[in-house]
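This briefing sets out the architecture of a two-chain model, grouped by topic. Please read it alongside the sequence and the coordinates.

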Amino acid sequence: MRYIRPLSIEDAAGLLAGSAGTAAILAGGSDLLVRMKGGFIEPDLIVDIKAIDGLGEIRETAEGFSIGAAVPCAVLGENTALQKAWPGVVEAAKLIGSKQVQGRCTIVGNLCNASPAADSVPALVAAGAKAVVVGPGTRRTIAVEAVPTGPGKTSLAKGEIVEAILLDSRLPRSGDAYLRFIPRTEMDIAVVSAGVNLTLDEQGRVKSARLALGAVAPTVILVEEAAEVLIGSKLDEATLERLAKVCSGACRPIDDKRGTIEFRRKVAGVLAKRAATTAYARAGGK
Amino acid sequence: MNFDPRYSGRNFTSVGTRPIRPDGVDKVTGRARYGADFNMAGQLVGRVLRSPHAHATIRKIDTSKAEKLAGVKAVITAADLPDLTDGDAAMYDILDNCMARKKALYDGHAVAAVAAVDARTARQALKLIEVDYEVLPHVTDVDEAMKHSAPLINDAIFTEGLEQKPVKPSNVTKRTQYGHGDIHEGFGQADFVVERSFKTEQTHQGYIEPHACVANVSSDGTADLWVCTQGHFVYRQHCAQLLGMEASKLRVTSSEIGGGFGGKTHVWAEPVALALSRKAGRPVKLVMTRDEVFRASGPTSATSIDVRIGARKDGTITAAEATLRYSCGPYAGTWAEIGAMTAFACYKLENVRTVGYEVLVNRPKTAAYRAPSAPMAAFAVESAVDELAKEIGMDPVEFRIRNAAQEGTRSSYGPVYGPIGIGPTLEAVKNHPHMKAPLGKNQGRGMACGFWFNFGGQTCTDLNIGMDGSVSLAVGTVDVGGSRASLSLVAAEELGIPYEQIKAVVADTSSLGYNDMTDGSRGTFSSSMATISAARNAIKVLRERAAQMWDIPVDDVVWEKGHAIAKGEKYDNLAALSLKEIAAASGKTGGPIAGHSELVADGAGVSFATHICDIEVDPETGSTRVLRYTVVQDAGKAVHPTYVEGQYQGGAAQGIGWALNEEYIYGKDGRLQNPGFLDYRIPVCSDLPMIDTQILEIPNPNHPYGVRGVGETSIVPPLAAIANAVSNAAGVRMTHIPMSPPRILAAIEAERGG
């Protein structure tokens with residue numbers, strides 16, 4: 001096993017592209033090291049990206065925020081501007097694992113681990129976040145929902161690294177929220193989750209909306225019909241009931257050790273209602 | 001030995017106080033040595049190869065490639081642990097469970113093991129062992145396993161306890177029955193009858209420390225074993241018997257223990273580690289991973305229970321009946337029998353009958369888990385009792401008080417009770433402010449009672465007084481919950497000296513006579529009896545030495561408050577001699593001063609508890625939150641009240657996890673789906689409220705201080721108390737444990753739909 005700590009993203013991409021056996025990227029290591037210790041994987045090459053310039057930073061730009069691939073989730077919560085603009089994204093990142101895990105884990109790792117139950121991903125999809133993907137001599141920006149393609153699988157080509165996550169700067173009267181269902185109070189994995197992002201018009205009606213569900217399909221899903229239900233409303237009781245129905249219907253869940261199909265469908269609707277209500281209040285809706 | 005164990009009322013000086021435990025500082029600073037913290041020069045790493053199949057014949061094991069791998073020092077299979085059990089069926093089962101002989105009987109069953117110079121080599125070696133399996137049909141569900149069509153796990157098993165010896169083999173190893181009176185007549189007198197069926201899923205003790213040991217077999221045939229266990233003397237006997245050694249040649253030292261709860265009363269890895277060390281000629285450390293602990297140690301039974309109880313309008317129970325089916329894993333057990341004995345033990349019943357069925361399944365061998373078998377039986381019975389009270393229109397506490405067992409009641413399992421605590425715990429609950437606190441929307445309150453036998457058993461203790469007057473107390477019961485502190489208090493009480501002057505240790509198997517293990521809530525009960533006896537023997541010696549120092553008859557010397565006192569007017573001018581003074585002179589008065597004790601602690605007083613619980617249920621998701629929890633339990637006499645409270649709280653915490661989320665989940669392939677703490681959900685701190693406790697003290701007549709065991713009873717009522725609370729909050733009777741959110745939501749939806 002080789003461990004390399006490159007100083008540039010180009011070197012990192014080159015090492016990954018040129019590796020003969022299995023290669024893994026190490027940022028926080030909260031997935032990789034656990035899987036290695038459990039004996040599930042034995043990578044031939046580990047590329048540690050934490051020493052790469054800029055990857056450990058959150059930058060505020062004219063367009064919004066750029067969150068580097070090596071920024072631990074705990075740091076997201078300490079960034080006041082980010083917390084104010086995207087409270088739903090931050091609360092999702094701060095639900096991953098435990099306090100100790102949040103000191104290491106990253107939202108890019110959470111995205112590229114490609115679990116349908118990843119906590120930060122529904123919030124990022126709802127937020128319309130984008131991923132900056134760097135390969136050997138290439139650089140492209142894609143929607144975050146285009147990264148995971150199924151459990152443990154991504155659309156990234158060999159040698160490609162997600163360098164950063166981009167979030168837009170906030171329009172007025174906007175709010176987002178994330179909720180997940182776990183049987184415990186913490187230290188758990190989402191059985192169902194929902195991220196909602198809303199912008200209101202001056203009358204307090206929903207002008208634009210994005211809603212994503214987690215752990216109810218092979219990937220996090222963006223529920224476009226949910227946006228249609230929400231737009232134009234003030235989240236009255238009837239709208240919320242329609243929203244729940246649409247979200248339950250959009251699920252394609254499985255029965256497994258964490259929950260049943262019926263349970264996931266039902267609770268997806270409940271969480272969608274509750275997350276939408278919180279996002280609406282954060283956007284200033286009454 | 002003419003030790004009188006009977007209770008005599010007295011005022012205590014040390015007993016009942018709350019000093020810091022002697023093992024506390026080392027534990028909080030990380031100095032304490034647990035099972036995996038012991039190391040020896042030249043030690044090898046042991047690893048076990050486990051069956052991926054729930055049920056399979058082992059046709060052949062080829063270890064040749066593994067043996068050739070550089071760094072591998074020994075590879076063993078069942079052939080290296082020959083059958084020396086000489087017709088002892090229970091020991092044969094232990095042997096077969098340590099290393100599968102002909103068939104792998106569950107996912108995780110050990111089939112081979114290696115010892116290598118490092119963990120990586122050991123892991124590689126396991127991959128090189130080739131096992132040729134013939135996969136057989138399996139069964140993991142207790143009800144499915146009882147069907148005639150179920151795959152047979154052991155074709156030599158014919159159900160015992162039936163009127164006629166069966167002609168066909170079965171997965172039911174035994175039927176047992178308890179009770180008295182005529183239940184048909186009793187049900188005939190009933191105005192109300194409740195009949196329900198219940199299920200509970202299999203749970204694990206969830207101890208944080210995995211099994212770990214270091215074995216060192218010398219070329220002269222003697223051996224040392226350093227191990228995390230609840231009973232090092234029992235481990236010595238079992239290991240010696242399985243390996244063909246004389247017990248005294250095997251010295252077993254127990255480490256500090258990171259939880260056992262009954263799960264560290266059985267050998268699994270230890271005979272394997274010894275066999276590896278014997279073959280390799282070097283020390284071997286074997287530490288189980290968490291995955292191995294879940295798959296291949298000893299969880300408790302999964303159960304299926306039917307209950308029927310009838311009562312008159314006035315609230316008197318006229319008849320009670322239960323049929324209990326408990327899974328045993330692939331080897332015979334007595335788990336349903338214990339359930340059948342405990343089910344109705346809280347009540348005074350004229351007509352009662354319980355029937356237990358022991359059922360084999362392709363799951364790991366069931367082991368004890370804190371009051372083993374009682375929580376599931378209590379869940380079924382106390383749920384039905386609650387429902388019956390509701391049907392009659394009586395308060396559930398009043399209904400239980402009306403039917404509670406008393407001194408002189410013939411218990412449902414046979415014996416007649418002495419003074420017991422069920423009535424007092426119910427009265428205390430009735431008057432507890434918790435019962436009167438207001439409840440909010442979607443909140444419910446439940447209460448339930450629980451019983452446990454408690455155990456005494458063989459115990460041996462030494463008390464040695466140093467020349468500086470400090471006292472070492474060597475006990476043979478492993479300290480699982482603060483017993484070194486409690487036993488030091490008892491020694492201080494008897495000798496009349498400060499607690500700080502005593503140091504208690506758990507001695508190894510070569511330093512003391514045989515001790516039964518720390519189970520049955522016996523640690524403090526039995527070892528305190530032996531400590532009292534040893535201290536009294538030491539006091540006899542101290543009096544003799546004082547008499548010698550004064551040159552007066554020993555009958556004129558009494559022991560009071562840590563001093564020898566010459567009684568009678570003629571000795572008025574003699575100053576009392578302190579323990580320290582007598583000890584300092586001991587070299588000239590006959591040598592070291594010690595007290596020894598060996599006894600069978602009979603008369604462990606039965607124990608009762610009543611719990612109250614408030615739960616909030618989210619009716620849209622089935623999510624639950626424990627809002628408030630109160631434990632009321634009889635301790636006989638609380639030697640160290642803080643650690644008694646700790647036992648009450650710990651039992652309640654484990655019960656809360658079991659009731660709400662913990663369960664073994666098997667796939668259709670017979671493999672365990674959740675062998676880790678991520679998906680086997682024990683409660684985390686934020687899942688639990690502060691658990692309030694109330695200690696009652698109804699003295700046990702068979703112990704000098706009135707002590708009863710306290711460790712286990714506290715896990716008996718929670719399943720039922722929480723089920724009653726959830727049922728009240730959700731408006732639907734919950735009959736399947738754990739009451740996980742999907743089960744609660746499905747029950748609420750079914751109720752709404754129906």
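Two strands pair if DSSP finds at least two bridges between them. Helices (H or I, at least four residues) and strands (E, at least two) are DSSP runs, numbered from the N terminus. This is a predicted model, in which local features need pLDDT of at least 70 and side-chain atom pairs count only at pLDDT 80 or more, while totals for chains, interfaces and linings use all residues. Residues are numbered from 1 along each chain as its sequence is written, and chains are lettered from A and ligands numbered from 1 in the order in which they are written.

**Chain B overall**
- Chain B contains 21 helices and 27 strands.
- Its radius of gyration, taken over C-alpha atoms, is 27 Å, close to the 27 Å that the globule rule (2.2 Å times the number of residues to the power 0.38) gives for 754 residues, so chain B is as compact as a globular protein of that length.
- The C-alpha trace of chain B spans about 90 × 75 × 50 Å along its principal axes.
- Of its 754 residues, 57% count as buried; a residue is buried if 20 or more other C-beta atoms, placed from the backbone, lie within 10 Å of its own.

- Strand β16(B) (residues 443-452) has 9 of its 10 residues buried, so the strand is largely enclosed by the rest of the structure.
- β16(B) runs antiparallel to strand β24(B) (residues 607-617), to which 10 bridges join it.
- Within this pairing, B:Cys449 stands opposite B:Thr610 in β24(B).
- In helix α15(B) (residues 483-495), 13 of the 13 residues are buried, so this helix too is largely enclosed by the rest of the structure.

**Contact between chains B and A**
- The contact takes 18 residues from chain B and 17 residues from chain A; two residues are in contact if their C-beta atoms, placed from the backbone, lie within 7 Å.
- On the chain B side, helix α21(B) (residues 741-753) gives the most, with 4 residues.

**Domains of chain A**
- Chain A is divided into domain 1 (2-168) and domain 2 (174-282), with bounds that come from an automatic or database domain assignment.
- The contact between these domains takes 25 residues from domain 1 of chain A and 26 residues from domain 2 of chain A.
- On the domain 1 side, the elements that give two or more residues are α5 (87-93), α8 (120-126) and β8 (148-150) of chain A.

Technical notes: Buried ≥ 20, exposed ≤ 12 C-beta atoms within 10 Å, placed from the backbone.
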